[in-house]
Amino acid sequence: MVLLAPGSAAELAERARAGLRDTFGSEAAVVGRAPGRVNLIGEHTDYNGGLVLPVALPHATYAAAAPRSDGVVRLASAQEPDPFTGIVDHLGPGEARGWSAYAGGVLWALREAGHDLPGLDLYVDSSVPLGAGLSSSAAIECAVAMAAVGILGLDLDDPLRAGLVAACIRAETEVADAPTGGMDQTVAIHGQAGTALLIDFGVGTHEPVALALRDRTILVTDTRVKHALTDGGYGARRADCEKAAAALGVRTLRDATLEAVEALTDDVVRRRARHIVTEIARVRPAVDALGAADWPALGELFAASHASMRDDFEISTPELDLAVSTAVASGADAARMTGGGFGGSIVAVLPTAAVDDVVRAIDHAFSAAGYRSPGHLLVEPSAGASLVG
Ligand code: ADP
Ligand code: MG
């Protein structure tokens, strides 16, 4: 059994400070922290003007930073071999590449938004698995944004939080070239401990919602099949949704009815749109089920969501399907794949007393199928980005 621990904030911040010292010989002035997330329901709905329901993970990314007076930016990570060196006013699209696009892109976007950032040395370390559908990308972006907030001595009020979300989205979509929809950065900044975040991308609002988990636990299982959001599948789904919206004469699929979608003539476009319309309709009932501890209802919603992603949106994998069916067969109340798809993780809600049995059953099923042994995360709903220490 591989349990991926979140690590303590104090220890991970100290690891980031030590990395900064060892790599660049700099003493950290600040450490920014931002969590990964698991989405409970509402998949691929963010860029369709829909609803999503993510939870911030206790697993997070930590960015230790020291300002420089010469405009040079040096970036390094415990998770990636290649450090990056550039200059602070050349970190935009086409300039910062690979993993450094995520970190450098945020500095670029913050400067574009009018923040007068100096050069800096920055080192990141993280307990969020990379490429597992748990948004290590938003975690690094928002941790870097928080480090910038600390260096500039800004007051983290609501308008600044909104600006940080926007800058991190620009880094991801314009510099790292991953056409994602904004859920990840929103929850990484606005998540609140003990709650999920209901985000409505149609009206641009978000609110914490209570989870009546009591004797239930949220389990995430990373299949360790890497997804890559920049290699086409995600963008292709997004393009199919745009085609459907255009054919239906609506701005986004949020405004489409199931009846209109069922009349679309292109089979692929119809199924893609059907996933979005039915998935959006599942989010509020899931909020109700989670708030009322109605686990049979949540089980049905997660099952329908998973089937829709597997059959209509076609973003599941055999490993995700096996993890979901095994979780449910061995005692989980509800399970579905989560995140962008094409690999990554599942999320399950289960009796806390059943965690051991479910984890062992998934491990056993994976080993019998000849799959890599998966990683498991126990999710205490956690707080959004902050400065450490
Ligand atoms: P996810 O967000 O689901 O983990 P993405 O493909 O969106 O997957 O983002 C993963 C990418 O983000 C990595 O390949 C890397 O480029 C970058 N990244 C995330 N966390 C880190 C980190 N701690 N250090 C360096 N790069 C990171
Ligand atoms: Mg990501």
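This is a predicted model: local features need pLDDT of at least 70, side-chain atom pairs count only at pLDDT 80 or more; totals for chains, interfaces and linings use all residues.
**Exercise 1. Describe the shell around ligand 1 and its polar contacts.**

Step 1: list the neighbours. The shell holds 19 residues. Ser 77, Gln 79, Gly 131, Ser 136 and Ser 137 come nearest.

Step 2: sort by class. Nine residues are nonpolar, nine are polar and one is charged.

Step 3: look for polar contacts. The cut-off is an N or O pair within 3.5 Å. A polar side-chain atom of Ser 137 passes, at 2.9 Å from an oxygen atom of ligand 1. A polar backbone atom of Gly 133 is 3.1 Å from a ligand oxygen. For Ser 135, a backbone N or O atom lies 3.4 Å from an oxygen atom of the ligand.

Step 4: check burial. Ligand 1 taken alone exposes 560 Å², and the protein buries 90% of that.

Step 5: assign the shell to elements. Strand S7 (119-126) and helix H3 (136-152) each give two or more residues. H3 gives the most, with three.

**Exercise 2. Work out which strands stand at the edges of the five-strand sheet, and why one side of each lacks a neighbour.**

Step 1: write the order. The sheet is open and reads S1-S13-S10-S12-S11, with mixed pairing.

Step 2: read off the ends. Strand S1 (2-3) and strand S11 (334-338) are the edges. Each has a single partner strand, so one side of each is left without a neighbour in the sheet.

Step 3: S11 runs antiparallel to strand S12 (residues 345-351), and five bridges join the two. Met 337 stands opposite Ile 346 in S12.

Methods
Residues are numbered from 1 along each chain as its sequence is written. Chains are lettered from A and ligands numbered from 1 in the order in which they are written. Side-chain values use heavy atoms; hydrogens and water are left out. A residue is near a molecule or strand if one of its heavy atoms lies within 4 Å of it. A polar contact is a pair of N or O atoms within 3.5 Å; within protein, one must be able to donate a hydrogen and the other to accept it, and residues adjacent in sequence count only if both atoms are side-chain atoms. Accessible areas come from the Shrake-Rupley method with a 1.4 Å probe; for residues, only the protein chains shown count as cover. Helices (H or I, at least four residues) and strands (E, at least two) are DSSP runs, numbered from the N terminus. Ala, Val, Leu, Ile, Met, Phe, Trp, Tyr, Cys and Pro count as nonpolar, Asp, Glu, Lys and Arg as charged, and the others, Gly among them, as polar. Two strands pair if DSSP finds at least two bridges between them.
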